[in-house]
Amino acid sequence: MTLDSLQLLFFKNYDDAALRLSPGLNCFIGDNGSGKTNLLDAIHYLSLTKSAITASDALCIKQDADFFVVKGVFSSNNTSDKETIQVSLRQGQKKTVTHDKQAYERMADHIGRYPAVLISPYDTDLIRQGSEERRKYFDSLMAQLDHEFLEQLISYNSLLRQRNAVLKQGGHSNAHGFDRDYLLAIDEQLAPLGQQLTALREAFLIDYLPIFQRHYEQLADGREQVMLTYKSQLVGADFAQLLRLNERKDFVLQRSTIGSHRDDFVFVMNDQPVKSHASQGQQKSFAIALKLAQFELLAAKQQKKPLLLLDDIFDRLDDKRIARLLELVADETFGQVFLTDTNLERTDQALARVTVPILRFRVQNGTVAPV
Ligand SMILES: Nc1ncnc2c1ncn2[C@@H]1O[C@H](COP(=O)(O)OP(=O)(O)OP(=O)(O)O)[C@@H](O)[C@H]1O
Ligand SMILES: [Mg+2]
């Protein structure tokens, strides 16, 4: 799968940009704030229908404009067929995603079809921030790997919202408006879903962990030992029973204190928490290994290589780790790659031994052109 061309209209700091891309390596070079990451984010939109960076779609509309369009033409490696994906949003309206001009009814139907993996400086947020960040990351990956998981997660989240609404209502009306029958009915559906999500997350980690550890080992040349564990209130427990046991507490706090939405993944390096004990470069390496394992699983599942988006990879990594990462680009482990940097000479030096076709683009203040 290759992204042949990309077109942006009023997306972030771009007015109107169009570029033809290399099936090999594409380098976006420009100063800070010129729009390099925005280009990768536009590609992220085509793959996952949302930004990797900006929390709200509306913030991606160029300031003072009233819509944005991101359009990409994909070709598959085995056929000459072209497929056009377009994501657009008009101020105050719903986002639309089309495949060859046909709108998807649900965004979920698009997810996983054009996989992409972004490696960015923000990845260390996975380590530094709370459990929600990690859960979202692994949920998004599992959703791309397993449509069933996505469906179950959507149902779980919808039931959880209903449950919390009931708890809130009850709290405000001093127990009189508390609809316990409704709560029990929700819990009857919620309990098996939560239990299934736990089983799926456990099974996922069994596949993912050795791949992650291998990538870390390669990147860091065996200097540190890393480990991931899954932490859930539901492991080895009866969720239905836990819901009953905590009903009183949930009612007082007006939210659901037990469930899959409290799960976490614990990151460990040399038997210590990564967050408090690993250096910045080690944390960055840890995050990159997470993403490389993601790449490998997605590639195997889809039998096509995801687009790889490397944002600022030269930041914080020592030369040896950069070289080992770029070896993977050179030996064609990856398919199409997009990378950003501020310095053309440094990029050229780092890529001196890469033999895949390379296109360089100069990014300047919301414009992009081949060098
Ligand atoms: N909705 C928007 N309208 C206009 N400009 C925007 C919008 N969203 C983001 N920008 C601008 O886009 C600019 C470029 O951002 P981007 O993150 O792509 O830069 P970059 O080239 O990756 O820089 P760096 O080297 O610092 O990472 C920023 O100055 C930001 O203010
Ligand atoms: Mg950037």
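1. In this predicted model, Phe 67 is partly exposed, because its relative accessible area is 21%, and buried would require a value under 20%. Phe 10 is likewise classed as partly exposed, with a relative accessible area of 26%.

2. By the ring-centre criterion the count of aromatic pairs comes to 19. One of them is formed by Phe 10 and Phe 67, whose rings are 5.3 Å apart centre to centre with 80° between the planes, an edge-to-face arrangement. Since Phe 10 sits in the loop between strand E1 (2-9) and strand E2 (16-20), while Phe 67 belongs to strand E4 (residues 67-75), the pair ties together parts that are 57 residues apart in sequence.

3. A further aromatic pair, Phe 267 with Phe 286, is tilted, with 45° between the planes and 5.0 Å from centre to centre. Here strand E10 (residues 264-269) contributes Phe 267 and helix H9 (residues 280-302) contributes Phe 286, so the parts tied together are 19 residues apart in sequence. Both Phe 267 and Phe 286 are buried. Ring pairs also place these two residues in a cluster, which includes Tyr 137, Phe 138, Phe 204 and Tyr 208 as well as Phe 212, Tyr 216, Tyr 230 and Phe 265.

4. How do the axes of helix H3 and helix H5 cross? The axes of H3 (residues 131-145) and H5 (residues 180-220) come within 11 Å and cross at roughly 85°, which means that H3 is roughly perpendicular to H5. On the H3 side the contact is made by Arg 135, Tyr 137, Phe 138, Asp 139, Leu 141, Met 142 and Leu 145, and on the H5 side by Leu 200, Arg 201, Phe 204 and Tyr 208. The residues of this contact divide into 8 nonpolar and 3 charged, with no polar residue. Tyr 137, Phe 138, Phe 204 and Tyr 208, named in the contact, are also among the members of the ring cluster.

5. Is Arg 163 buried or exposed? Arg 163, which lies in helix H4 (residues 147-172), counts as buried because its relative accessibility is 0%. Not counting residues up to four places away in sequence, Arg 163 touches Leu 183, Ile 186, Asp 187, Leu 190, Leu 243, Arg 244, Asp 250 and Ser 256.

6. Leu 339 lies in strand E13 (residues 337-341) and is buried, with a relative accessible area of 0%. Although Leu 339 and Asn 26 are 313 residues apart in sequence, their C-alpha atoms are 6.2 Å apart in space. Leaving aside neighbours within four places in sequence, Leu 339 is in contact with Leu 25, Asn 26, Cys 27 and Phe 28, and also with Leu 310, Phe 314, Thr 347 and Leu 351.

7. The unreviewed UniProt entry carries a "binding site" annotation that covers Gly 30, Asp 31, Asn 32, Gly 33, Ser 34, Gly 35, Lys 36 and Thr 37, and annotations of this kind may be inferred rather than shown by experiment. Within that stretch, Asn 32 lies in the loop between strand E3 (25-30) and helix H1 (36-48), and Gly 33 is placed in the loop between E3 and H1. Asn 32 is exposed, with a relative accessible area of 70%, and Gly 33 is exposed at 71%.

Notes: Residues are numbered from 1 along each chain as its sequence is written. Chains are lettered from A and ligands numbered from 1 in the order in which they are written. This is a predicted model: local features need pLDDT of at least 70, side-chain atom pairs count only at pLDDT 80 or more; totals for chains, interfaces and linings use all residues. Side-chain values use heavy atoms; hydrogens and water are left out. Helices (H or I, at least four residues) and strands (E, at least two) are DSSP runs, numbered from the N terminus. Buried means under 20% relative accessible area, exposed over 50%, partly exposed in between (1.4 Å probe, protein chains only). Contact means heavy atoms within 4.5 Å. Axes are lines fitted to C-alpha atoms, for helices over the stretch in contact, and angles run from 0 to 180 degrees between N-to-C directions. Angles under 35 degrees count as roughly parallel, over 145 as roughly antiparallel, 65 to 115 as roughly perpendicular and the rest as oblique. Ala, Val, Leu, Ile, Met, Phe, Trp, Tyr, Cys and Pro count as nonpolar, Asp, Glu, Lys and Arg as charged, and the others, Gly among them, as polar. Rings of Phe, Tyr and Trp (its six-membered ring) pair if their centres lie within 6.5 Å; planes under 30 degrees apart count as stacked, over 60 as edge-to-face and the rest as tilted.
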